[in-house]
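This report describes one protein chain for a reader who has not seen it before. Please look over the sequence and the model, then read on.

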Amino acid sequence: MIFSVLLLILFPGVTVADHFGYSLELQKEWTKQSASCEGKNQSPISISTASAIPLAIPALEFVGYHNLLPRPISISNNGHSVELKPYRVPAQDNTAQIFGGLLPNKYHLESFHFHWGRKNNRGSEHVIDSVRFPMEMHIIHRNEKYDTINEALNHSDGLVVLAFFLQTREKDNSALRPILEELQFLMSQFRTLTSGTHHLQDNYRRLQPLNERKIYAKRVVADASYFKNSFLNVSDPAFWH
Ligand SMILES: [Zn+2]
């Protein structure tokens with residue numbers, strides 16, 4: 001598996017109900033179970049790169065992603081995804097973190113999880129230029145100004161979720177071999193997992209309306225004044241919606 005595209009998504013999080021499920025019928029129940037599933041700013045969305053607004057976004061910086069994450073790392077089938085959580089040293093934030101881009105603060109790694117399909121022509125939550133990838137990985141980060149994930153969930157700037165699309169190919173990506181060998185992260189094994197009586201697959205939410213939101217795409221430009229003129233005010237609460 002190799003990654004294809006990187007995008008940045010911000011949302012305040014979703015609370016999971018006991019009879020949570022990804023069938024179309026059960027997805028219709030989400031808004032009844034959790035208010036955070038309602039509103040005009042839901043994900044996932046369909047993205048057209050041709051109509052995205054070009055923006056000279058500063059580089060997103062990754063700290064600690066080249067090191068081994070603090071052990072032990074818990075891996076669980078939580079009934080709707082596979083979730084990985086690195087150990088968090090009490091009273092310290094020594095895990096991987098991101099900053100830069102248009103982020104107002106540092107954001108600390110909290111967990112990873114995945115969305116995948118029963119077949120290779122589906123599985124990702126977001127769709128780019130009408131392509132739905134076989135898998136999407138979400139890395140959840142918590143704003144450093146909040147001590148816990150539960151506290152961060154109550155604020156519109158509480159979480160940053162980085163989404164990576166994963167594509168299957170015949171030859172393994174050697175860069176991922178240590179991870180694949182340790183975790184046995186093969187697509188076929190994801191598809192054997194179960195949630196209750198059902199196979200855990202096609203665990204992606206149906207596309208949500210974009211409404212009045214805008215989609216920005218990073219563009220590398222030689223003229224520094226472009227960035228100055230196009231800078232977004234991220235302290236404006238409207239940016240986060
Ligand atoms: Zn997700």
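Buried residues account for 18% of the 241 residues in the chain. The model is a predicted one. Six helices and 14 strands make up the list of its elements. Of the contacts between residues at least 6 apart in sequence, 69% join residues at least 24 apart.

**Nonpolar cores**

The largest nonpolar core consists of eight residues: Val 82, Phe 114, Trp 116, Phe 133, Met 135, Phe 165, Leu 166 and Phe 190. Two or more residues of this core come from each of β8 (107-116) and β11 (159-167). In soluble globular proteins, nonpolar side chains tend to be buried together.

**The hairpin of β5 and β6**

Strand β5 (residues 74-77) pairs with strand β6 (residues 82-85) in the antiparallel sense, over four bridges. Within this pair, Ser 76 stands opposite Glu 83 of β6. Four residues lie between the strands of the hairpin, and Gly 79 takes a positive phi near 95 degrees there.

**The loop between β13 and β14**

Leu 200 is found in the loop between β13 (198-199) and β14 (216-218). Is Leu 200 buried or exposed? Leu 200 has 21 other C-beta atoms within 10 Å, so it is counted as buried, the cut-off being 20 or more. Leaving aside neighbours within four places in sequence, Leu 200 is in contact with Asn 77, Leu 193, Thr 194 and Ser 195. The C-alpha atoms of Leu 200 and Arg 118 are separated by 8.6 Å, while the two residues are 82 residues apart along the chain.

Asp 202 is also placed in the loop between β13 and β14. Asp 202 is partly exposed because 16 other C-beta atoms lie within 10 Å, a count between the cut-offs for exposed and buried.

**Backbone angles**

Most residues other than glycine have a negative phi, and most peptide bonds are trans. The table lists some departures from this.

| Item | Angle | Value |
|---|---|---|
| Ser 43 to Pro 44, cis peptide bond | omega | near 5 degrees |
| Ser 130 | phi | near 70 degrees |
| Asp 202 | phi | near 50 degrees |

Pro 44 is in the loop between α2 (30-33) and β2 (46-47). Ser 130 lies in the loop between β9 (127-128) and β10 (135-143). With 8 other C-beta atoms within 10 Å, Ser 130 is exposed.

Methods
Residues numbered from 1 in each chain as written. Predicted model: local features only at pLDDT ≥ 70, side-chain atom pairs only at ≥ 80, totals over all residues. Pairing = 2+ DSSP bridges. Buried ≥ 20, exposed ≤ 12 C-beta atoms within 10 Å, placed from the backbone. Contact = placed C-beta atoms within 7 Å. Core = buried A, V, L, I, M, F, W, Y, C linked by C-beta atoms within 7 Å.
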